[in-house]
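Morning, everyone. Please have a look at the structure on the screen. I'll start with the core, then turn to the cavities.

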Amino acid sequence: TSPEQDEVMHLCYTGDLVVEEENSEVPSRFAKKWEIFGLRAALGLRSGPPEYKLMAGRQGCTLVKVTWQAVEQALLFFPNQLPRLLRMAGYTEVPHNHPFRGREMLVWDIIQPLMCRVFCNLEIDHEFCQVLAPHFKASVYDAGCLITPEAGPSRSLLLLVSGEICWSRQGIVSYVATAPDYFDEACLFSERGHSANITAKSTAVVWRLHVNALHLPADSPYAVMARRLLMELEDLTE
């Protein structure tokens, strides 16, 4: 790290990393594996140069550098992780003037239109999607990683939130899809399994929604709507 540059988050991955901290009783120490430096800067909680120096030890080291832009982009797709990161940085709640405040809603501008397309229903609003929010499972896949195997068992709808995927059957690529898009909506009402191999062509963010998420409690204001959507989807895909 350079004292003249703004602080950037680093994760200690392997090797010997020497840390020299200002105003510390211990002038230097070795970093622990996966120790994080610059988290507050990456979260937009401070600016300016770091108050420490990072230097490679005799055996060298590997650091993972994470800019605040990368953190901001990740939090767009994983908004529920912001409170956890803030707690790690010593905050119990999102500061009023935090630069990420309000951006946690942007992902629903992607999810809500996708859900309307899946169910061919424009009545699906942001509130309905957020009722389902605890049931979405978000995953990141590197290029070349298999997302779903053809005919593999599943009862989940797939939403491609970011990136590109290859859709193939019997080893033959049928087409390449770019986010936002969706797949395997038939899995919500049948046990036929995945319709094809889906492989990440680029880094891809995929949200899964299991059929059980649409079986809302009877006292939910969206329970009737969820049951109707499932029945209408089954009729559309028969």
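**The core and the cavities**

The largest nonpolar core has 37 residues, and the ones touching the most other members are Ile111, Met115, Phe128 and Leu159. Which elements each supply at least two residues of this core? They are α2, α4 (108-119), α5 (126-131), β7, β12 (204-210) and α6 (223-237). The top contributor is α4, with seven residues. Keep in mind that this is a predicted model.

Now take Phe128. Set aside its neighbours within four places in sequence. What is Phe128 in contact with then? The list is Leu214, Leu216, Tyr222, Met225, Ala226 and Leu229.

How many cavities of 30 Å³ or more does the structure hold? Two.

The largest cavity contains about 80 Å³ of space. Around it sit Glu72, Leu75, Leu76, Pro79, Leu82, Phe100, Arg103 and Glu104. Helix α2, residues 68-77, gives the most to that lining: three residues. By class, the lining of the largest cavity has five nonpolar residues, three charged and no polar ones.

The second largest cavity has a volume of about 40 Å³. Its lining is made up of Ile147, Leu158, Leu159, Leu160, Ile165, Phe183, Ile198 and Val206. Here strand β7, residues 156-162, has the largest share, with three residues. What classes do we find in this lining? Eight nonpolar residues, no polar and no charged.

One link to take away. Leu159 is among the core residues that touch the most other members, and Leu159 also lines the second largest cavity.

Notes. Residues are numbered from 1 along each chain as its sequence is written. This is a predicted model: local features need pLDDT of at least 70, side-chain atom pairs count only at pLDDT 80 or more; totals for chains, interfaces and linings use all residues. Side-chain values use heavy atoms; hydrogens and water are left out. On a 1 Å grid over the protein atoms alone, a cavity is a set of points where a 1.4 Å probe fits but cannot get out, and a pocket is an open set with protein on both sides within 12 Å along at least five of seven lines; lining residues have an atom within 4 Å of a point. Grid points are joined across faces, edges and corners, and a volume is the space filled by probe spheres set on the points. Helices (H or I, at least four residues) and strands (E, at least two) are DSSP runs, numbered from the N terminus. Ala, Val, Leu, Ile, Met, Phe, Trp, Tyr, Cys and Pro count as nonpolar, Asp, Glu, Lys and Arg as charged, and the others, Gly among them, as polar. A nonpolar core is a set of buried Ala, Val, Leu, Ile, Met, Phe, Trp, Tyr and Cys residues joined through side-chain atoms within 4.5 Å. Buried means under 20% relative accessible area, exposed over 50%, partly exposed in between (1.4 Å probe, protein chains only). Contact means heavy atoms within 4.5 Å.
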